[in-house]
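Subject: Structure handover

Hi,

Here is the structure I promised to pass on.

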Amino acid sequence: MASPTFFIKQNDTRPTLDAALRDDRDRPVDIAGATVVFHMRNAANDTVVVSSGTVGVLSTARGEVRYTWIAADTATAGNFEGEFQVTFAGGSVQTFPNDEYIKIIITDDVA
């Protein structure tokens, strides 16, 4: 999974953060029967802002997921790092992306 940069304004809850989870050969990861959560931390001080956030699954076969923000997630402007953590039916865990983080930039509001 390539690590894109996601931009959102402070206190906004849209757009959603959508991702297609891919393996090391760039193939979709089948997440049927798995549980997926989202984590995000402040890149400047490692403060966790989102811990085990609820993730919607758009397609199990294609590994497509969606995180819907709540206002508290975007309350602070700055640079953040995010990741999706998948717990598969057998109990094994894999984090996406596994070679870096999703870069999330929350831009401050004018008012």
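Some housekeeping before that. This is a predicted model, so to speak of local features I needed pLDDT of at least 70, and side-chain atom pairs count only at pLDDT 80 or more, while totals for chains, interfaces and linings use all residues. Residues are numbered from 1 along each chain as its sequence is written, and side-chain values use heavy atoms, with hydrogens and water left out.

**Strands**

Strands here are DSSP runs (E, at least two residues; helices would be H or I, at least four), numbered from the N terminus. I call two of them paired if DSSP finds at least two bridges between them. "Buried" is under 20% relative accessible area, "exposed" is over 50%, and "partly exposed" is in between (1.4 Å probe, protein chains only).

Start with β3, residues 35–42. Of its 8 residues, 6 are buried, so the rest of the structure largely encloses this strand. β3 pairs with β6 in the antiparallel sense over 8 bridges, and threonine 35 has threonine 87 of β6 as its bridge partner. β3 also pairs with β4, again antiparallel, over 4 bridges; there, methionine 40 stands opposite valine 50. β3 and β4 form a hairpin with 5 residues between them.

Asparagine 42, in β3, deserves a look. Its relative accessible area is 13%, so asparagine 42 counts as buried. A polar atom of its side chain lies 2.8 Å from the backbone nitrogen of alanine 44. Using contact to mean heavy atoms within 4.5 Å, and leaving aside neighbours within four places in sequence, asparagine 42 touches Thr47, Val49, Asn79 and Phe80.

Next, β2 (residues 17–20), where the side chains alternate. β2 pairs with β5 (residues 64–67) in the antiparallel sense over 4 bridges, with leucine 17 opposite tyrosine 67.

**Core**

By a nonpolar core I mean a set of buried Ala, Val, Leu, Ile, Met, Phe, Trp, Tyr and Cys residues joined through side-chain atoms within 4.5 Å. The largest one has 24 residues, and those with the most contacts inside it are Leu17, Leu21, Ile31, Phe38, Trp69, Phe84 and Ile104. At least two residues of this core come from each of β1, β2, β3, β4, β5, β6 and β8.

**Aromatic rings**

Rings of Phe, Tyr and Trp (its six-membered ring) pair if their centres lie within 6.5 Å; planes under 30 degrees apart are stacked, over 60 edge-to-face, and the rest tilted. The count by this rule is 5 aromatic pairs. One of them joins phenylalanine 38 and tryptophan 69: the centres are 5.9 Å apart and the planes at 85 degrees, so this pair is edge-to-face. Phenylalanine 38 is in β3 and tryptophan 69 in the loop between β5 and β6, 31 residues apart, and both residues are buried.

What kind of pair do phenylalanine 38 and phenylalanine 84 make? Their centres are 5.2 Å apart and their planes at 50 degrees, so this pair is tilted. Phenylalanine 84 lies in β6, so the pair ties β3 to a part 46 residues away in sequence. Phenylalanine 84 is buried too. Phe6, Phe38, Tyr67, Trp69 and Phe84 form one aromatic cluster. Beyond neighbours within four places in sequence, the contacts of phenylalanine 38 include Leu17, Val50, Val55, Gly82 and Ile104.

Two peptide bonds to check are cis. The one from arginine 14 to proline 15 has omega near 5 degrees, and proline 15 sits in the loop between β1 and β2. The one from phenylalanine 96 to proline 97 has omega near -10 degrees; proline 97 lies in the loop between β7 and β8.

Then there are two aspartates. Aspartate 26, in the loop between β2 and β3, has a phi near 65 degrees, a positive value in a residue other than glycine. Aspartate 46, in the loop between β3 and β4, is not a glycine either, yet has a positive phi of about 65 degrees. Aspartate 26 counts as partly exposed because its relative accessibility is 49%, and aspartate 46 counts as partly exposed at 49%.

Best wishes

Terms used. Polar contact = N/O pair within 3.5 Å; in protein donor to acceptor, adjacent residues only side chain to side chain.
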